[in-house]
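Please open the model in your viewer and keep the selection panel at hand, so that each stop can be followed in turn.

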Amino acid sequence: MAVPPTTAAASPGRRLDRDQILARAELRAVADSLLGPAARQGRQLRWPCPHPEHPAPASDRSGQPTLKITGPQTWKCQAEGCDAWGSAIDLVMHTQGRSFREALRILDEHAGAFRTRQPRPTSQGGRVQRLDLARLKARVDLVELADRLLGPGKGRGRGRGWPCPHPQHPAQTGRTPPLKIKRGSDGLQRWKCFGCGARGDAIDLVELTLQRDTGEAIRYLRDLVGDRAVAPPPRRPVPPAPRRAKPSPVLGGYVDQCQKLLWSDTGAVGRDYLMKRRGLSAQILRANRVGYDPGP
Ligand SMILES: [Zn+2]
Ligand SMILES: [Zn+2]
């Protein structure tokens with residue numbers, strides 16, 4: 001990729017390091033500054049989605065803005081039909097109409113005041129990411145994914161239900177699992193919890209159950225459907241990923257051991273935390289082989 005001239009070039013010896021800059025920029029502060037102060041929904045903060053192709057209106061059915069922070073450096077738009085997501089860099093690109101390089105420099109140089117230019121339509125990067133996600137989600141069978149992440153569902157067809165993985169969902173008995181899956185008018189499957197109202201797509205389900213951020217959840221789903229072809233082109237050379245080896249038997253033994261410990265008397269503390277504080281059901285914990293390791 002051709003690197004446009006930036007001030008970085010004018011200050012010799014100084015490179016713009018994406019990871020360093022992202023680690024320094026507090027995503028919430030960047031969002032507040034670029035998108036306006038967050039709207040609160042319970043403990044969740046929401047902002048209006050700045051993606052040029054976000055379908056109108058800017059808020060969901062309950063009138064809430066649709067962009068939320070999903071990881072230390074990741075945001076995602078929850079609106080149906082909009083799969084925009086990204087980092088603080090993408091926020092600067094979308095709102096200020098800047099290139100990737102320029103956005104990096106702006107984040108590096110200005111801690112807060114970014115409102116300098118009117119938005120300019122469409123960054124190619126955003127669009128590619130969005131189309132890719134729709135394709136990826138169309139290839140994921142959400143029913144199979146729910147069975148895998150939440151444990152086998154109860155019931156058949158559209159009545160099939162799963163326990164809700166949302167941390168704020170009240171305690172669940174497992175008799176009538178509240179999470180259901182439906183296909184939307186866009187042909188994509190989505191899940192909804194009829195107990196607490198949590199909802200989302202395959203990516204949200206991975207984020208919630210496996211505690212991943214959006215980028216990691218997307219990688220997880222790509223691995224799952226064996227989809228390497230749709231990965232967006234890397235922005236800069238990326239070192240080859242380490243070859244994935246089979247999990248070692250030692251590791252497997254460790255996982256087994258921790259899992260046993262979680263369900264023993266010793267694991268009561270861990271169990272208490274996961275089930276009462278985090279609201280995860282025994283079924284979810286077992287399906288994901290969650291364990292307890294009190295440390296040395
Ligand atoms: Zn959006
Ligand atoms: Zn729920």
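The tour goes to the metal site and then to several charged pairs.

This is a predicted model, in which local features need pLDDT of at least 70 and side-chain atom pairs count only at pLDDT 80 or more, while totals for chains, interfaces and linings use all residues. Residues are numbered from 1 along each chain as its sequence is written, chains are lettered from A and ligands numbered from 1 in the order in which they are written, and side-chain values use heavy atoms, with hydrogens and water left out.

**The zinc site**

Select the zinc ion (ligand 1) together with Cys-49, His-54, Cys-77 and Cys-82, which coordinate the metal through SG, ND1, SG and SG respectively, at 1.9 to 2.4 Å. Donors here are N, O and S atoms within 2.8 Å of the metal (3.2 Å for Na, K and Ca), and because water is not among the atoms, sites may look incomplete. The angles among the 4 donor atoms run from 101 to 121°, and the site is tetrahedral, a term used for four donors if all angles lie between 85 and 135 degrees. Along the chain, the donors follow the spacing C-x4-H-x22-C-x4-C. Cys-49 and His-54 are both buried, where buried means under 20% relative accessible area, exposed over 50%, and partly exposed in between (1.4 Å probe, protein chains only).

**The charged pairs**

Side chains of opposite charge can pair when their charged atoms come close. A salt bridge is counted when a side-chain nitrogen of Lys or Arg lies within 4 Å of a carboxyl oxygen of Asp or Glu, and by this rule there are 7 salt bridges.

Next, select Asp-201 and Lys-76, whose side chains meet in a salt bridge at 3.2 Å, N to O. Asp-201 lies in the loop between strand E8 (199-200) and helix H8 (202-210) and Lys-76 in strand E4 (residues 74-77), so this pair ties together parts that are 125 residues apart in sequence. Helices (H or I, at least four residues) and strands (E, at least two) are DSSP runs, numbered from the N terminus. Asp-201 is buried at a relative accessible area of 7%, and Lys-76 is buried at 1%.

Then move to Asp-83 and Lys-137, which form a salt bridge at 2.7 Å, N to O. Asp-83 sits in the loop between E4 and strand E5 (85-86) and Lys-137 in helix H6 (residues 124-139), 54 residues apart.

To finish, select Lys-76, Asp-83, Lys-137, Asp-201 and Asp-204 together, as these residues are linked in a network of salt bridges.

Terms used:
Tetrahedral: all angles 85-135°; square planar, octahedral: opposite > 155°, others 65-115°.
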